[in-house]
Amino acid sequence: MNDRRPMLSLEEALARLAAGAAAHAISETELVSTFDALGRVLAADVHSALDVPPADNTSMDGYALRAADVAAPGAVLPVSQRIPAGHVGQALQPGTAARIFTGGQLPPGADAVVLQEECEAIAGMGMGLGGVRVNAVPVAGQWIRRRGEDVRQGAAVLTRGQRLRPQALGLAASVGAGLLSVRRRPRVALFSTGDELMMPGEPLRPGAIYNSNRFMLRGLLQAAGCEVSDLGIVPDRLDATRAALRQAAAANDLIVTSGGVSAGEEDHLKPAAQAEGQVEDWQIAMKPGKPLAFGHIRHEAGSEALLIGLPGNPVSSFVTCLLAVSTVLRALQGMGSGLPAALPLRAAFDWPRPDRRREFLRVRLNAEGALDLFPNQSSGVLTSTVWADGLVDNPPGQAIARGDAVRFLPLAELISR
Ligand code: AMP
Ligand code: MG
């Protein structure tokens, strides 16, 4: 059946998804230990309670002194104290040096550190700690990390709506934040439609294929920090699809389905969703991934769950999950919308017959920093998604010749944003 409705641009589709999801935004927050906050989305800015570092300290092992006390190489100073990391020294008397170790707090009065490699320890002089011959003339300020040079007290170091990556957890800890306010994880129900689908582990019966989308989509949702309820495989029947949608709506923010979104008589998602809520079926001007359903399913308790119906072809499912589902998830959690910035890179391939739709080609970075194309770009070829490092976002009708600059979207960026 040929669908002759005008197609939606991807931008328009993503804008509608973001607006629809923002209206259902998750407002609940929870306090979690910074220890356990990896991948969560911040619900409030994190401000620093202190300067980091909290005091001037040395970035190297050596001797803290006054630069003015060493006018020429070879000056000898008595060592007045020893300051390992974690210890606080006393004010440095003029004409003396302090033995100091990386991270040790600079004593008041010192204004430079001389590397131990540029000094010689001298035994049997001074106050029991010996002395030091300084063989290089220091410049005031050298090898000193200043109080607050990383973070100023009161500064916002992390921003609400930001996903907590390992380095953000480190930064939160460095400003003393032991608990973080994060959004409740999105609850997402997932099911695959299709009478042909079987689970790996079962012998394949004639006419059947293994259900790959269930694994791939579940993984993408988990990587995006969702709590996934997997409702398995739903047969191609209206009543079964309706029942699955009702069940899925009960305790979830979002229902993600794969398959059955085209207009064939075996495609039951739209009529089922229409009966249980409201749904629009879109034709998006993109390849792979043209058909997409978006709406909501009512629940008796008066609440409703958003629904996004992805196409069944595995690569279409993959790409639309990366672009459309993540847009919905981000809007649900108050995160910024829009796709990650594409990198301009050179094509190491020709693409002489572009589609009239915007294409997302599976490509891989080669040793020259250019992009190789996976030879089979069919929407059923899941191998391409494992081989690829990213997608070329190719404008409608744009032919590509070897050497042309193209827009590269790294998969790693798309998967974990
Ligand atoms: P559909 O969107 O239901 O018309 O399915 C389109 C194509 O994708 C058909 O070849 C299906 O067999 C295939 N397909 C649908 N769902 C899945 C799935 N969960 N895993 C692998 N292939 C699927
Ligand atoms: Mg189907």
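In the predicted model, the crossing of helices α1 and α6 is right-handed, the near helix being turned clockwise from the far one by less than a right angle. Helix α1 spans residues 10-22 and helix α6 residues 314-332; the two pack at an angle of about 30°, with their axes 8 Å apart. Axes are lines fitted to C-alpha atoms over the stretch in contact, and angles run from 0 to 180 degrees between N-to-C directions. Helices are DSSP runs of H or I of at least four residues, and strands are E runs of at least two. Local features need pLDDT of at least 70, and side-chain atom pairs count only at pLDDT 80 or more. Residues are numbered from 1 along each chain.

In this packing, L10, L14, L17, A18, A21 and A22 of α1 meet L323, A324, T327, V328, A331 and L332 of α6, contact meaning heavy atoms within 4.5 Å. These residues divide into 11 nonpolar, one polar and no charged.

R417 lies in the segment after α8 (411-415) and is buried, with a relative accessible area of 9%; buried means under 20% relative accessible area with a 1.4 Å probe, protein chains only. Beyond four places in sequence, R417 touches residues including L323 and T327, as well as R163, R165 and S326. The C-alpha atoms of R417 and S326 are separated by 8.1 Å, although the residues are 91 apart along the chain.

Q377 is found in the loop between β24 (371-373) and α7 (383-387). Q377 counts as buried because its relative accessibility is 17%. The Q377 side chain reaches the backbone oxygen of F374 at 3.0 Å. Leaving aside neighbours within four places in sequence, Q377 is in contact with W351, F360, L361 and R362.

Definitions and conventions
Chains lettered and ligands numbered in written order. Heavy atoms only, no water. Nonpolar A, V, L, I, M, F, W, Y, C, P; charged D, E, K, R; others polar. Buried < 20%, exposed > 50% of the residue type's maximum accessible area, 1.4 Å probe, protein only. Polar contact = N/O pair within 3.5 Å; in protein donor to acceptor, adjacent residues only side chain to side chain.
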